[in-house]
Amino acid sequence: MNSRPSSPPINDMGNNMKSIAISGLHRGENPQPGPSVIASIRRLLPTFRIVGLSYDPLESSLYSQQSDHPDVAYSMPYPEIGPDALLERLETIIKRENVVLIIPCLDLEIPNFISISAKLRDWGVQCSLPTKTSLDAISKSNLYNFCHQLNIYSPETKLVMNEFELEQAAEEIGYPVYVKGRLYEAQLANSKQELLKASNSIAKTWSWPLLVQEALIGEEYDIVGLGDGHGSIIKTCTIRKFQRSSTGKGFAGIVVEDPELEQLAQRIIKRLRWNGPFELEFLKVHGKPHALFEINPRFPAWVDFPSQIACNLPVRLVEGILGTRVLTPMNTCAAGQMFVRHCIDLVGDVADIAEMSSTGERIITQHKAQLEVI
Amino acid sequence: MRNNVAKKHNLQELRFYGEEFVFNTVSGMCYRISSTAGFILHSLIAGAENEQLVDLVQAHYDVNQATAVRDVELLLNNLVELGVIDRHCAP
């Protein structure tokens with residue numbers, strides 16, 4: 001039954017204008033994917049209104065003058081608060097903005113969206129998500145076992161509940177090791193002293209249990225793609241990150257054509273029957289096979305790079321979900337094509353922060369974005 | 001024959017930009033190489049066997065055989081170590 005919240009959309013772009021809601025709107029030291037997804041969609045589907053789901057009035061794309069900003073932004077309850085608060089907030093936004101599709105771009109949001117996906121479907125809102133089983137299989141604490149089952153090399157990882165287990169795990173794996181939060185953050189530890197310092201720091205933010213992981217030093221390869229939910233991959237783009245920040249974020253990447261990586265991706269996605277966007281992260285130590293060390297259940301922040309070379313995965317996602325008859329063709333990314341991330345200063349006014357902070361919403365551009373692309 | 005196939009396979013991954021810059025399309029690694037290394041790589045791609053490289057280097061650079069043998073061995077080892085070519089191409 002389609003019982004979409006009944007109030008008509010009030011956005012003044014016309015009542016028939018459909019909106020896509022996107023989160024993860026900050027491009028900073030640790031860039032989130034939202035602005036890249038927005039730019040990709042706006043490049044080929046400019047008639048959609050983009051609704052930003054924002055967790056902080058200072059998220060950078062709210063101030064962007066480029067094609068990567070939402071047309072309107074709404075503040076959202078933090079994912080930790082749970083699915084009910086998310087659904088309640090979305091109900092208002094969906095009513096007002098005629099949202100037909102939501103693309104969550106932050107790892108922490110995905111479990112909540114899975115919980116409310118049936119209700120969203122009832123309201124006529126689509127959301128491309130993996131199943132809970134798939135998501136659980138690729139969690140940081142389960143990935144090592146998942147890889148073991150598939151006979152795919154992965155850095156040895158142990159879940160530890162306290163300092164005693166932490167030290168024991170690090171001794172067994174051998175230094176250096178990474179200490180990781182179950183959801184976010186990782187720190188390298190070369191000694192017991194560094195191990196304890198890192199664990200204290202991470203546990204303070206993310207609490208126990210933590211993960212101890214074998215540190216592999218090598219080249220990083222990442223694959224962005226779309227799974228069809230039946231075990232096949234719709235399209236991928238594979239890069240080597242050839243400039244990494246101190247926290248491992250890719251600030252430059254180059255396309256590679258590696259049949260081994262393609263085969264690995266196919267095996268992983270087939271086993272998971274993955275639905276929607278994904279990013280596979282591999283490390284290659286000289287003389288050893290590729291080691292899968294993370295799977296992200298969303299587009300990565302560099303997804304606008306393949307979009308710019310005619311492999312627009314966000315657009316394919318939108319077209320697939322909304323049942324577009326003639327799909328936009330997608331090129332295969334050719335080895336040697338590359339991106340370099342470029343940071344710029346955006347101008348804003350404190351009034352913008354005040355508006356978002358006090359009202360929980362902010363119209364950014366009602367017409368400008370549409371005019372730019374026309 | 002098998003060795004030749006392996007050799008060709010690896011070398012086909014290399015893409016040259018001028019004489020001194022090589023990109024490996026599979027590993028994504030970029031290398032600045034010397035003109036002698038470039039000459040050796042081009043010779044291998046053209047089908048030269050490892051044993052022929054010494055003669056080719058000797059003729060091209062007008063050096064004695066001992067120098068050519070040393071340079072070829074050093075360069076091939078260096079190229080393998082860097083991952084520009086795989087071990088099938090090593091002497």
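Mentor: Let us begin with a definition: two strands pair if DSSP finds at least two bridges between them. Helices (H or I, at least four residues) and strands (E, at least two) are themselves DSSP runs, numbered from the N terminus. This is a predicted model, in which local features need pLDDT of at least 70 and side-chain atom pairs count only at pLDDT 80 or more, while totals for chains, interfaces and linings use all residues. Residues are numbered from 1 along each chain as its sequence is written, and chains are lettered from A and ligands numbered from 1 in the order in which they are written.

Trainee: What makes E6(A) and E9(A) a pair, and in which sense do they run?

Mentor: Four bridges join E6(A) to E9(A), and the rule asks for at least two, so they pair. They run antiparallel, and A:Leu159 stands opposite A:Leu211 in E9(A).

Trainee: Which sheet holds these strands, and why are two of its strands called edge strands?

Mentor: The open sheet has four strands in the order E6-E9-E7-E8 of chain A, with antiparallel pairing. E6 and strand E8 (186-189) are its edges, as each pairs on one side only. The twist from one strand to the next averages 25°, where axes are lines fitted to C-alpha atoms, for helices over the stretch in contact, and angles run from 0 to 180 degrees between N-to-C directions.

Trainee: What is the meaning of a helix lying across this sheet?

Mentor: It rests on contact: two residues are in contact if their C-beta atoms, placed from the backbone, lie within 7 Å. H6(A) lies across E6, E7, E8 and E9 of chain A, at about 10° to E9(A). H7(A) packs on the sheet too, touching E7, E8 and E9, with its direction at about 15° to that of E7(A).

Trainee: Which strands make up the six-stranded sheet?

Mentor: Its order is E5-E4-E1-E2-E3-E16 in chain A, and the pairing is mixed. One of its pairs, strand E4 (residues 99-103) with E5(A), is parallel over two bridges, and A:Ile102 stands opposite A:Cys127 in E5(A).

Trainee: How do you know that chain A agrees with a compact globule?

Mentor: The radius of gyration is taken over C-alpha atoms, and the globule rule is 2.2 Å times the number of residues to the power 0.38. With 374 residues the rule gives a value near 21 Å, and chain A has 21 Å, so the two agree.

Trainee: Where are the cis peptide bonds?

Mentor: One joins A:Tyr175 and A:Pro176, with omega about -5°; A:Pro176 is in the loop between helix H6 (163-173) and strand E7 (177-181). Another joins A:Trp208 and A:Pro209, also with omega about -5°; A:Pro209 is in the loop between helix H7 (192-206) and strand E9 (210-214).
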